Amino acid sequence: MLEQLFAPAVIIGILASGIQLATPYLYASIGEMFSQVSGVLNLGVEGVMLIAAFVAYYVALKTSNLILALALAALAGALMGLLTAFLSVTLKAEQGISGIGIYLFGLGLSDLLFLVLVGTPTAIRGFPELDLPVLSSMPVLGPILFSQNILVYFAFACVPLAWFVLNKTTLGLKVRAVGQTPEAADSLGISVARVRYIAVIVAATMAGIAGASLSIAMFNIFQQNLTSGMGFIAVALVYFGGWRPFRVMLGALLFSMVNALQLWIQTLGIGLPSDIAGMLPYILTIIALIFAARQIVTQPTALTKPFERGE
Amino acid sequence: MTPLTQRFDFSRYNYILVPLAAGGLALLVGGVIIWLLGANPFQAYIGMLQGAFGSPNALADSLVKAGPLLFVGVGICIAYRGGVINIGGEGQIVMGALATTMIVLTFSNLPGLLLIPLALIAGFIGGGFWGGIAGFLKARFNVNEVLSTVMLNAIAVQFMTFLLNGVWIDPTTLDNAIRIPQTQRFPLWADLPRLTPTRLHAGILLGIAVAVLAYILLWRTTIGYRIRAVGFNTVASKYAGIGVGRYQILAITLSGALAGLGGAVEVLAVNHRLFTDGSATGFTGSAGFNGIVVALFGGLHPLGVIPASFLFGALLTGANSLQRTVQVPGAFVTTLDGLVVIFVVASQIWARRRATRRALIEPAPKENVASADAV
């Protein structure tokens, strides 16, 4: 039975679905990273993803216009980001708890809207697989890397982009400054609140795209609690990645590969009970967090601390 | 990280005002949502009130729904007072229920007088163990408890599905074409006493007793005082010689244990068996998350959680009649829960400002003096 798992076709299948499964985590965690580096723990990612996933699905269902669906999902994410930023930055609310509020709100509202506006789950036509010319016909690597839908390519493109913005631009410097030493940033005339608003809204917009990547590119359907914990795992991946884009990507890939592996184990019907296999990604994340916690020095010092301007 | 308890002002004034304002605003925004969905918000709310309090049976159902919220909510208070955010309620309820089920299935020959206490204790231990893992990971490896509890939730649910699809599946249904992942009905003598003909059961009384005990623990014992000190000021507690890690583990273990006890009560008094639909919510009804809402609404005070849980239990029962009266799905209540949390945390800024103002003109309130002694 086990040798089935090592057949070339299966390995390619596992790697290809691992790459695809990593997509929502990449968008959500790369975005969340900006928010956390600026000092705001945005725990409501899950709720934002759910609302955006519904918006994308609904627009795609009604108009069949996927670009419009994606854009409106991003907008829905941005609006939720505005709410998050208002709570965390302006009202200085406790971030761990306000995030749970955003989560419950998103969970309930997306379900409510789905039941009222759609009712029965109807599959839609999502983003098709896009075979990149030449590259996709490469043996092994072609089907794994270059025969994915367009949102997958964009997700991976976000990683170097995020690295560049965070490390090589003035905005990135400001984001890091307000997350590390908000007092110093403030004394240099940087508006801590404004930079944090931008970072949180960027994060939520990307969480919105992450949600859309589920409902109009991966599953092509919406149902209650579609994300089932993905948003929370995205937050964990940021810790695991030590607030560095490429390491976050590594975490997302690792988690998704294990997930793809356990899904294939279930499909192939290999001895391991599917429910036990289903635990693997979560157990792995806990172990990864134990190791990640050692790099605690790299944690943005002002993470979860609202900025109070001294008198 | 600034300790949680410093971000909340716990004066008596805020126990009443914050919930009232937050609840009112949440109902207002919720009303707008209902209106946008094309229904009449007044009809909807009146329908919910009738559904929750309209008859003795409805009232009893509201109290029964309050049960798990009460247990989880009181536990959340203990964790938060110790500076630990426990969002692992879902997994802890499940693990408690699993431990209870294991006892009932194994010792089903014991008389109820022995079996029920044993099963309840098992639930307490099961949930406590699951919470304790998160506490241990936090104290020993500095793993953020928010993240570890989320993972532990997922693991617990998978574990429950595994057991219910396998060794624990109802043997009488083994020959059926479609296997339902649930245990057989527990023996009748394992049922908690019930106030027939309603569904009201003795577990609710246990919940109230637990809330009072938690209050005594937190405010009338040294252990509770140290838990609060750790939550109030981690650094100062460390210098005062309190083992911060130990008390944080204790706080989240107790929190998990109470959630587990809630799970035990659910199987013994409400469902009389363990079942799953593959998701966490299938068994818990999201009590692990809603318990957080209830705890916040009750001012993070065990005694405040008692009325808060009854209120949200009523909300859940009332939600069932929403679909019938105004065709608004029950998912509305989850939305409302989210709004309540958002408004409660949002209102803290005014509560804090008020506290700061008062601290400048009045001597510090008694509770703060007590905590300052630790420094």
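Reply: Let us begin with the surroundings of one residue, bearing in mind that this is a predicted model. Apart from its neighbours within four places in sequence, B:T100 contacts B:A119, B:A122, B:G123, B:G263, B:A264, B:V267 and B:L268. B:T100 itself belongs to helix 4 of chain B.

Me: Is B:T100 buried or exposed, and why?

Reply: The idea is to count C-beta atoms around the residue, with 20 or more within 10 Å marking a buried one. B:T100 has 32 C-beta neighbours inside 10 Å and therefore counts as buried.

Me: How far apart are B:T100 and B:G126 in sequence and in space?

Reply: The two separations are read side by side. B:T100 and B:G126 lie 26 residues apart in sequence, while their C-alpha atoms are 8.0 Å apart in space.

Me: At what angle do the axes of helix 4 and helix 5 of chain B cross?

Reply: A helix pair is described by the approach of its axes, the angle and the handedness. The axes of helix 4 (residues 89–106) and helix 5 of chain B come within 7 Å and cross at roughly 145°. The crossing of helix 4 of chain B with helix 5 of chain B is right-handed. Among the residues that make the contact are B:G96, B:T100 and B:I103 of helix 4 of chain B, and B:A119, B:G123 and B:G127 of helix 5 of chain B. By class, this contact of helix 4 with helix 5 of chain B has 16 nonpolar, eight polar and no charged residues.

Me: How are helix 3 and helix 13 of chain B oriented to each other?

Reply: The axes of helix 3 (residues 56–81) of chain B and helix 13 (residues 302–326) of chain B come within 7 Å, crossing at roughly 135°. Helix 3 of chain B and helix 13 of chain B are therefore oblique to each other. Their crossing is right-handed. The residues of the contact between helix 3 and helix 13 of chain B comprise 15 nonpolar, five polar and two charged.

Me: Where is B:A39 found?

Reply: B:A39 is in the loop between helix 1 (12–36) and helix 2 (41–53) of chain B. B:A39 is buried, because 20 other C-beta atoms lie within 10 Å. Its contacts, leaving aside neighbours within four places in sequence, are B:I34, B:A44, B:V326, B:Q327 and B:V328. B:A39 and B:V328 are 289 residues apart in sequence, yet 7.4 Å apart from C-alpha to C-alpha.

Me: How many helices and strands does chain B have?

Reply: For a whole chain, one takes the elements, then the overall dimensions. Chain B has 15 helices and zero strands. Its radius of gyration is 21 Å, close to the 21 Å given by the globule rule for 375 residues, so chain B is as compact as a globular protein of that length. Buried residues account for 57% of the 375 residues in chain B. Of the contacts in chain B between residues at least 6 apart in sequence, 80% join residues at least 24 apart.

Me: How many residues of chain B are in contact with chain A?

Reply: An interface is read by its residues, the elements supplying them and their classes. Here 43 residues of chain B are in contact with 42 residues of chain A. Helix 5 (112–141), helix 6 (145–165), helix 12 (287–297) and helix 14 (332–361) of chain B each supply at least two residues of the side touching chain A. That side of chain B has 28 nonpolar, 13 polar and two charged residues.

Key. Residues are numbered from 1 along each chain as its sequence is written. Chains are lettered from A and ligands numbered from 1 in the order in which they are written. This is a predicted model: local features need pLDDT of at least 70, side-chain atom pairs count only at pLDDT 80 or more; totals for chains, interfaces and linings use all residues. Axes are lines fitted to C-alpha atoms, for helices over the stretch in contact, and angles run from 0 to 180 degrees between N-to-C directions. Helices (H or I, at least four residues) and strands (E, at least two) are DSSP runs, numbered from the N terminus. Angles under 35 degrees count as roughly parallel, over 145 as roughly antiparallel, 65 to 115 as roughly perpendicular and the rest as oblique. A crossing is left-handed if the near helix is turned anticlockwise from the far one by less than a right angle, and right-handed if clockwise. Ala, Val, Leu, Ile, Met, Phe, Trp, Tyr, Cys and Pro count as nonpolar, Asp, Glu, Lys and Arg as charged, and the others, Gly among them, as polar. Two residues are in contact if their C-beta atoms, placed from the backbone, lie within 7 Å. A residue is buried if 20 or more other C-beta atoms lie within 10 Å of its own, exposed if 12 or fewer, and partly exposed in between; C-beta atoms are placed from the backbone. The radius of gyration is taken over C-alpha atoms; the globule rule is 2.2 Å times the number of residues to the power 0.38.
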